[in-house]
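Please open the model in a viewer and keep the selection panel at hand. The stops below proceed from the contact between chains to single residues.

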There are 2 protein chains.
Amino acid sequence: MPVDLSKLAPPQLRLAIRRGDFTGPTCGLCPGYAQANLVVLPQRYAYDFLLFAQRNPAACPVLEVSDAGARRLSAIAPEADIARDIPRYRVYRDGVFAEERLDVADLWQRDFVSFLIGCSFSFEMDLLEAGIPVRQIEEGKNVPMYITNIPCAPAGVFAGAMVVSMRPIPRELAIKAACITAAMPRVHGAPVHMGTPEQIGIVDIAKPDFGDAVTIRSGEVPVFWPCGVTPQVAVMLAKPDVCLTHAPGHMLVTDVKNINLKY
Amino acid sequence: MPVDLSKLAPPQLRLAIRRGDFTGPTCGLCPGYAQANLVVLPQRYAYDFLLFAQRNPAACPVLEVSDAGARRLSAIAPEADIARDIPRYRVYRDGVFAEERLDVADLWQRDFVSFLIGCSFSFEMDLLEAGIPVRQIEEGKNVPMYITNIPCAPAGVFAGAMVVSMRPIPRELAIKAACITAAMPRVHGAPVHMGTPEQIGIVDIAKPDFGDAVTIRSGEVPVFWPCGVTPQVAVMLAKPDVCLTHAPGHMLVTDVKNINLKY
């Protein structure tokens, strides 16, 4: 008999994932709890990556960094096994996608450092709570993401342009959406731009670089937030011999309540 | 004829310091502009230190990290020379104070990484503006600082207890002071505690571990903020062969307006 996953607390959901009982996207699970992006790199890349995050905190808000080799975290999900508690992982070799996996325990290296990065799922709950529509949820799609012409501050081997996620917001609610998300800097914070996609180098709003196109209705403004795909793109450009990430939409569900990312 | 230093913009003040025309504490200079703590470490310590900061952001809010060997910054003070534009430096060898200097250009190593860390001077201006007294300014003293029993999250070779600064605030203004400073997380943010010093391991409020004791008047509450001396203490405990810092009260005056640390 299938378990009602939506009723599970984060540790129980992670155990279900670890057992292989759930392999799908995590959107909507454990409402109220933050979900995190994962980037795993060999230690020799870790300083440059942490510095890249420090210099680009809106696109790369680090929630926690593991000790080298550890598959455990201490702050955001103390019981989690980083190598098994995410529903799907992606493996990149020399900057190129190699394979998708349900767990990465047998690939784990003693020099792996895990970076857990804040995710916009956290602020979308606040937007919905405030009566602001979140189109890709309404349409059952992935959020559309675009590579912009806004340069990131480089750090060592890592550099690249900022990637943004876009949500169309009714004009009269757009500033409110900006203010609500500004209160959550650890999950990307305020938008980086709204309206006029061409000013940030987006040629065709109907053709996102990642994710799915969504409907922009009359009277709506496209609002652009810094996106956690930014560091992934920077990592791929640097072509590390190995890098693990979560698969898009398949996140680490943490024990941290979203509200505690505000204060 | 002496220049009126209080009229100088940050780049001009830094040039005066570089020329040796000013060697005093920077408190009160360039009002409205953020000042920063300096910690310089050889690159082999830089990852652990940056991770320590990531894990203890309230005590160690990093404003900028230089590239290895660079005496230049790119974000908070693009014209500054890190090795000459602070009025006084301290040199520590194997974790022990070795000497104080007016510049450290001749000590500079190609592997030095500079960490510029936010400073409570920035939020004190907001407190004063809101009519909240700042006692050590009134009394012309250094802020009192105490080593607490609150452990920092360790990172590699760095560990230690949180150091706090204390300001006595009239009871009816204490929560307001907490809220005002909470809006500035990049300069330590909200207090970590107020009242009852013994609950955070402070045995005698009249005997600070660093800085000067200040008067606590009847009806006032001691309010404790995470302090930038925390990472300095962690560094000294780790006994790196060499570490440079600013001398207490002699900070890097940046080009960043305090108000821009809020948003």
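Begin by selecting the contact between the chains, where 7 residues of chain B touch 7 residues of chain A; two residues are in contact if their C-beta atoms, placed from the backbone, lie within 7 Å. On the chain B side, α2 and β2 (62-65) each supply at least two residues, and α2(B) gives the largest share, 5 residues. Helices (H or I, at least four residues) and strands (E, at least two) are DSSP runs, numbered from the N terminus. By class, this side of chain B holds 6 nonpolar residues, 1 polar and no charged. Ala, Val, Leu, Ile, Met, Phe, Trp, Tyr, Cys and Pro count as nonpolar, Asp, Glu, Lys and Arg as charged, and the others, Gly among them, as polar.

The model is predicted: local features need pLDDT of at least 70 and side-chain atom pairs count only at pLDDT 80 or more, whereas totals for chains, interfaces and linings use all residues. Residues are numbered from 1 along each chain as its sequence is written, while chains are lettered from A and ligands numbered from 1 in the order in which they are written.

Next, select α2 (residues 46-55) of chain A together with α2 (residues 43-55) of chain B. Their axes lie 10 Å apart and form an angle of about 40°, which makes α2(A) oblique to α2(B). Axes are lines fitted to C-alpha atoms, for helices over the stretch in contact, and angles run from 0 to 180 degrees between N-to-C directions. Angles under 35 degrees count as roughly parallel, over 145 as roughly antiparallel, 65 to 115 as roughly perpendicular and the rest as oblique. Within this pair, Ala46(A), Tyr47(A), Leu50(A), Leu51(A) and Gln54(A) meet Ala46(B), Tyr47(B), Leu50(B), Leu51(B) and Gln54(B).

Now colour chain A by domain: domain 1 covers 5-14 + 31-120 + 235-261, and domain 2 covers 130-231. These bounds come from an automatic or database domain assignment. The C-alpha centres of the two domains of chain A are 22 Å apart, and their contact takes 26 residues from domain 1 and 24 residues from domain 2. On the domain 1 side, two or more residues come from each of β1 (33-42), α2, β5 (112-118) and α6 (229-238) of chain A. There, α2(A) makes the largest contribution, 6 residues.

Move to Phe22(A), in the loop between α1 (10-18) and β1 of chain A. Is Phe22(A) buried or exposed? Phe22(A) counts as buried because 20 C-beta neighbours lie inside 10 Å; the terms mean 20 or more other C-beta atoms within 10 Å for buried, 12 or fewer for exposed, and partly exposed in between, with C-beta atoms placed from the backbone. Setting aside neighbours within four places in sequence, Phe22(A) contacts Leu5(A), Ala16(A), Ile17(A) and Pro87(A).

In chain B, select α3 (residues 121-129), whose buried residues are Phe121(B), Ser122(B), Phe123(B), Glu124(B) and Leu127(B). These pack against β1 (33-42), β5 (112-118), α4 (135-138) and α5 (171-182) of chain B. After α3(B) comes Gly131(B), with a positive phi near 80°.

Finally, select Asp94(A), in the loop between β3 (89-93) and β4 (96-101) of chain A. Its phi is near 55°, a positive value in a residue other than glycine. Asp94(A) counts as exposed, with 11 C-beta neighbours inside 10 Å.
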